[in-house]
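Reader: Could you walk me through this one? I'd like the overall make-up, and then a few packing details.

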Amino acid sequence: MKKKILPLLTALFAFCISACNQTASSDTPKSSGTPSSVVTPSSSVNSVESKSSSKTTSSSNVTSSSSAKSSVISSSTTSSSSRPISSSTPASSSSAQSSNSTPASSSSTSSSSDRPKNVTLDIFAFNDNHGCVKDTQGKGIGIAKLTTFVKQKTANKNAVLISQGDMWQGSVESNYTKGNLMTEWMNQLGFVSMTVGNHEYDWGKDYIIQNQELANFPTLGINVLNKSNSQRVDYLSPSITFEKAGAKIGVIGAIGNCLSSISSSKVKDVYFATGDALTTLVKNEATRLRNTEKCDFIIYSIHGDAKNDDQDYYDTSLSTGNYVDLVLEGHTHQAYAYQDNGGVYHVQNNGYNESVYDIVVNLDLETSSYTVSPTFYDTSYYSSYKNLDEDITTLNIINKYYDKFSFAYEELGTIDGFKDPNTIRSKVADLYLEVGTQRWGNQYNLILGGGYMSCRGNGLQAGTVRYSDISNLLPFDNEIVLCSIRGSDLANTQFITGADTYFVTWSNYGNSMKDSINYSSTYYLITDTYSSDYSYNHLTVVDTYDVGVYARDLLAIFIQNGGWAYIPPVSDHAGTIDDPKTISEAIDYARHHEGQNASAAGSEGFFYKGVVTRQAAQLSTLSGDLNAVYVADALGGDDMQIYYLKRNQYRNPNWETVNDLIVGDVIVFYGQAFNYNSRILEFASGAYCVSINGVSTD
Ligand SMILES: [Zn+2]
């Protein structure tokens with residue numbers, strides 16, 4: 001195969017054997033949270049000493065915080081900076097507690113006299129940026145414009161930038177710099193912390209450590225624990241504290257219950273504490289931050305979503321017990337700001353820089369009370385911020401790494417029409433089978449290619465396609481593998497049971513055996529390491545395709561070789577066969593016979609007319625012979641694959657050279673269309689063909 005891109009990629013990937021989690025990070029429609037302000041109970045409320053006493057404390061505080069909350073919510077839905085907080089803060093309940101557990105009073109008494117009475121902070125929350133360096137994905141504005149936005153919004157404010165994780169993986173600019181570019185960008189803006197997300201593990205912990213060394217801020221993960229000793233991993237921190245305008249702020253970071261969304265080989269040594277174990281970790285740390293570190297305000301930064309997930313990581317006793325004062329979230333790419341039943345705000349943004357919350361916190365350090373007022377900013381591609389100037393410092397960071405990803409801007413080809421995510425995932429399954437057959441077909445009877453497939457974004461637009469476009473859709477670094485599986489296991493896998501996240505292309509052999517699986521036989525299939533890592537698939541990796549070649553590379557080569565190519569209509573002369581149908585008509589026919597195999601469809605044959613889109617010479621490296629071609633309807637652009645196409649049913653049945661059919665030839669062929677695997681439409685073996693304006697037809 002003549003492929004420009006593969007050697008480049010192989011060289012790039014040689015140093016990084018990586019796999020990745022391809023959790024379908026849903027691109028959900030943005031829902032702007034309702035900015036509102038509230039008086040929440042004093043952060044002081046000292047309910048953070050021993051667990052038993054905090055129960056008592058929290059119950060008394062719940063009462064007061066509830067009343068505080070209701071009185072405020074009803075009165076305010078927009079940002080307000082000053083609330084009558086004295087009546088609503090549970091000062092009396094605080095003082096009613098044992099004095100040594102009252103951090104507010106102890107911190108205020110121990111503070112110097114020049115400690116300000118009031119401090120206003122602007123906390124800017126970021127999550128799931130997914131390496132959205134440029135604005136070419138049609139999602140958020142790229143980081144150069146986002147920086148301009150942030151600089152404008154933070155000017156003359158006590159601004160604090162905090163990330164809830166999944167910052168790196170997702171674009172060529174970030175993937176091929178392994179997060180370094182994004183980390184440098186975060187350094188420039190002065191982030192105080194980043195909580196580790198599941199996708200930070202896509203390339204393994206070594207890259208988390210490497211980025212940590214580059215970062216001017218800690219990576220937080222209080223609940224990422226070693227399996228060996230249940231201690232927190234040493235490359236993550238439980239929290240950070242810092243001073244801002246005279247106030248002491250603490251940030252505790254945790255990852256949600258999303259271990260299973262990470263390729264298991266990347267997290268085989270760790271687990272994430274969840275449920276009561278996580279709550280205990282956070283309560284203990286919050287207690288330490290209040291009592292020992294004398295924090296005035298505690299932020300809980302989680303890579304998880306307490307609103308939309310049923311994940312077991314947010315215990316509202318953290319709110320009702322006043323352990324934390326603000327919860328910043330991530331992972332589900334949903335923008336919201338709401339208060340839980342403890343009066344504590346939970347805030348998340350859309351992914352890919354599509355939104356930013358500015359959370360204004362007014363701290364009264366004398367009474368240890370505060371107000372929180374989140375303001376939502378739509379920074380999506382379709383917002384007016386798209387027109388901002390690009391920040392020069394950020395452009396310099398991007399340019400510094402340019403050589404690492406510039407290859408991805410080269411044009412691969414031009415496609416004939418929009419390709420939706422399912423079409424792309426189906427094509428990847430085809431390509432897994434094709435390259436697997438090419439590599440291992442002589443040794444193994446392969447049954448299928450495919451597996452769990454995620455595809456980011458909305459698909460590929462018609463026209464020019466670059467590697468960066470494909471990488472945005474398929475950013476997952478999962479290598480392609482030959483696997484074996486016992487028949488008894490195969491019957492129960494999602495390859496067979498048909499989960500809609502599994503995309504599978506059956507081989508002819510696979511089609512012949514899938515309804516009669518022998519439980520004691522061993523079968524072979526082509527998938528990638530995300531599916532082979534998934535223990536419930538019961539797969540054993542037999543061999544690995546080229547190191548550093550992923551689904552997106554196969555799709556890039558496919559397009560580079562003319563796949564889905566736009567073929568200009570070719571003028572033809574009168575057909576040699578009467579009444580030929582178009583490919584579109586053929587496809588319609590085949591769809592009406594969905595589920596039928598070649599023999600079952602045999603009762604009816606049609607003539608069809610189409611244009612050859614891929615030459616046998618190109619196919620030969622994928623399919624190994626001259627028996628398959630792709631044809632497209634010159635008018636509708638529909639694409640159809642034909643196997644075992646004979647030149648003539650009776651005489652000279654095989655094509656003789658690769659030039660017998662060339663791209664652009666208009667052909668008419670006869671056969672029985674059928675639905676190969678509910679996605680690929682084909683003709684059965686025995687279809688025969690007459691070339692109209694190609695070579696002579698005898
Ligand atoms: Zn995530």
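**Overall make-up and packing**

Author: The secondary structure of the protein comes to 21 helices and 30 strands, where helices (H or I, at least four residues) and strands (E, at least two) are DSSP runs, numbered from the N terminus. This is a predicted model, in which local features need pLDDT of at least 70 and side-chain atom pairs count only at pLDDT 80 or more, while totals for chains, interfaces and linings use all residues. Residues are numbered from 1 along each chain as its sequence is written.

Reader: ok, and what percentage of the residues is buried?

Author: Of the 698 residues in the protein, 53% are buried, meaning that 20 or more other C-beta atoms, placed from the backbone, lie within 10 Å of the residue's own.

Reader: Switching to sheets, what is the strand order in the open sheet of 6 strands?

Author: The order is β7-β8-β10-β11-β13-β12, with mixed pairing; two strands pair if DSSP finds at least two bridges between them. β7 (239–244) and β12 (336–339) stand at the edges with a single partner strand each, so one side of each has no neighbour in the sheet. From one strand to the next, the twist averages 20°.

Reader: Which helix packs on that sheet?

Author: Helix α9 (residues 275–291) does, touching β7, β8 (247–255) and β10 (297–303), where a contact means that the C-beta atoms of two residues, placed from the backbone, lie within 7 Å. The direction of α9 makes about 165° with that of β8, with axes being lines fitted to C-alpha atoms, for helices over the stretch in contact, and angles running from 0 to 180 degrees between N-to-C directions.

Reader: And how many bridges join β11 to β13?

Author: There are 3 bridges between β11 (residues 326–328) and β13 (residues 345–348), and these strands run parallel. Val 327 stands opposite His 346 in β13.

Reader: New topic: at what angle do α13 and α19 cross?

Author: The axes of α13 (residues 421–440) and α19 (residues 551–560) cross at roughly 90° and come within 10 Å. The two helices are therefore roughly perpendicular to each other, a label for angles of 65 to 115 degrees.

Reader: Which residues meet there?

Author: Lys 427, Val 428, Leu 431 and Val 435 in α13 meet Ala 551, Leu 554, Leu 555 and Phe 558 in α19. By class, this contact has 7 nonpolar, no polar and 1 charged residues, counting Ala, Val, Leu, Ile, Met, Phe, Trp, Tyr, Cys and Pro as nonpolar, Asp, Glu, Lys and Arg as charged, and the others, Gly among them, as polar.

Reader: How many residues of α19 are buried?

Author: 10 of the 10 are buried, so α19 is largely enclosed by the rest of the structure.

Notes:
Angles under 35 degrees count as roughly parallel, over 145 as roughly antiparallel, 65 to 115 as roughly perpendicular and the rest as oblique. A residue is buried if 20 or more other C-beta atoms lie within 10 Å of its own, exposed if 12 or fewer, and partly exposed in between; C-beta atoms are placed from the backbone.
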